[in-house]
Amino acid sequence: MGIFDRLFGKRPSSRDVAKERLQLVLIYDRAGLSPELLDTLRDEIVDVLSRYIEIERDGIELHLAQEGREAMLVANIPFRGRVKKTPSSHVQE
Amino acid sequence: MAGTVITITSGKGGVGKTTTTANLAAALALLGHSVVAIDADIGLRNLDVVMGLENRIVYDIVDVVEGRCRLRQALIRDKRLPELHLLPAAQTRDKSAVSPRQMAEICDALRPHFDYVLVDSPAGIEQGFRNAIAGADRVLIVTTPEVSAVRDADRIIGLLEAAEKGPLALILNRVKPDMVRRGDMLDVSDVLEILAIDLIGIVPDDDSIIVSTNRGTPVVFDERQPSARAFLNIARRLRGEQIPFEPLREEGLIDRLLKFMRS
């Protein structure tokens with residue numbers, strides 16, 4: 001890539017791109033977690049939580065993060081109203 | 001005092017494991033230690049040619065395991081450095097000819113007689129790799145600043161941690177300072193941040209490696225070469241010396257001119 005592109009901030013350097021791509025792919029490599037499995041995991045977590053709270057399914061964020069060589073599952077789950085005192089036995093639709 | 005068994009591995013092939021093993025073995029011998037280098041890449045042996053000892057092989061590691069010779073008989077002594085030895089791999093067999101337990105036994109048998117036993121691991125994560133780490137007291141992971149090599153190094157580190165092998169340390173090989181400066185190569189700091197393990201050496205990309213491999217003379221014999229200094233520094237760190245990591249020098253016009261006149 002040309003020096004001018006970089007001077008004018010058009011494209012990040014290939015070094016930065018490599019680092020970012022590696023960091024992302026390694027998080028999933030290390031955990032042995034595929035994007036498909038992550039989707040299944042999200043659905044099941046939501047199903048269980050739905051027994052206690054009313055969840056906005058579209059607002060859910062679930063991803064893996066990294067601290068050193070330790071992986072973290074980070075979830076951001078917005079919900080409406082109050083937590084139910086007694087969990088409903090069936091899953092919210 | 002019993003020696004230390006150090007395995008050199010990488011995951012990805014072609015990143016410089018064998019060159020690193022040959023040079024660290026020679027560097028440790030130059031520093032006055034007794035060393036044996038084991039080629040654990042059965043079926044694809046190469047440490048012998050990189051060390052320049054290919055014409056002197058009589059027995060190999062499979063002959064030892066299968067009882068056709070004693071361990072001592074299979075060791076080749078390097079005439080340039082009498083404290084340097086090679087235990088060659090078999091070329092006509094495959095990885096299954098030696099088990100991890102047998103490899104650990106060979107390391108244990110060599111440990112009392114040498115200061116350092118270096119094991120050159122094959123690429124991959126299969127039995128050859130498991131053999132190579134079976135007897136290790138410590139493991140060096142070689143990688144280059146490329147996404148594929150770093151990804152494979154990460155996989156290897158995960159496997160080594162799961163196997164509770166350690167301590168682990170990283171050698172970053174074939175660094176091109178000018179490319180790093182231009183923003184077109186991962187820097188040491190990037191790779192360390194990603195892999196989160198200790199660093200033991202940074203080896204610059206160096207054409208003299210190819211020349212030395214052509215001749216079968218490890219590059220550490222010529223201390224003027226930048227990679228030779230890097231390997232000697234790693235050898236010193238292995239024996240516990242505190243050697244600071246110098247920033248790699250870019251090749252200037254004068255360096256290129258000198259190199260041209262020498263060649």
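## A walk through a two-chain model

Let's start at one residue: setting aside its neighbours within four places in sequence, B:Pro100 is in contact with B:Arg130, B:Asn131 and B:Ala134 (contact means that the C-beta atoms of two residues, placed from the backbone, lie within 7 Å). Before going on, note that this is a predicted model, where local features need pLDDT of at least 70, side-chain atom pairs count only at pLDDT 80 or more, and totals for chains, interfaces and linings use all residues. Residues are numbered from 1 along each chain as its sequence is written, while chains are lettered from A and ligands numbered from 1 in the order in which they are written.

Back to B:Pro100, which sits in helix α5 of chain B (helices are DSSP runs of H or I with at least four residues, strands are runs of E with at least two, and both are numbered from the N terminus). B:Pro100 has 15 other C-beta atoms within 10 Å, so it counts as partly exposed. The cut-offs work like this: 20 or more other C-beta atoms within 10 Å of a residue's own make it buried, 12 or fewer make it exposed, and anything in between is partly exposed, with C-beta atoms placed from the backbone. B:Arg181 is 81 residues away from B:Pro100 in sequence, and their C-alpha atoms are 43 Å apart in space.

Now look at the helix pair around B:Pro100. Two packed helices are described by the angle between their axes and the distance between the axes. Here α5 (residues 100-110) and α6 (residues 127-134) of chain B have axes that come within 7 Å and cross at roughly 30°. That angle makes α5(B) roughly parallel to α6(B), the word used for angles under 35 degrees. Axes are lines fitted to C-alpha atoms, for helices over the stretch in contact, and angles run from 0 to 180 degrees between N-to-C directions. On the α5(B) side, the contact is made by B:Pro100, B:Met103 and B:Ala104, and on the α6(B) side by B:Arg130, B:Asn131 and B:Ala134. Sorted by class, that contact has four nonpolar, one polar and one charged residues (Ala, Val, Leu, Ile, Met, Phe, Trp, Tyr, Cys and Pro count as nonpolar, Asp, Glu, Lys and Arg as charged, and the others, Gly among them, as polar).

Next stop, α1(B). With 14 of its 14 residues buried, α1(B) is largely enclosed by the rest of the structure. Just after α1(B) comes B:Gly32, with a positive phi of about 100°.

Helix α11 of chain B covers residues 226-238. Its buried residues include B:Phe231, B:Leu232 and B:Ile234. What do the buried residues of α11(B) pack against? They pack against β1, α1, β7, β8 and α10 of chain B. After α11(B) you'll meet B:Gly240, whose phi is positive, near 100°.

Finally, let's hop to the other chain. Chain A has three helices and four strands, running α-α-α-β-β-β-β from the N terminus on. Buried residues make up 4% of its 93 residues. Where the chains meet, 13 residues of chain B are in contact with 15 residues of chain A. On the chain B side, α7 (147-162) and α9 (188-195) are the elements giving two or more residues, and α7(B) provides the largest share, six residues. By class, this side of chain B has six nonpolar, two polar and five charged residues.

How values were computed. The expected span of a helix is 1.5 Å times one less than its number of residues. Angles under 35 degrees count as roughly parallel, over 145 as roughly antiparallel, 65 to 115 as roughly perpendicular and the rest as oblique.
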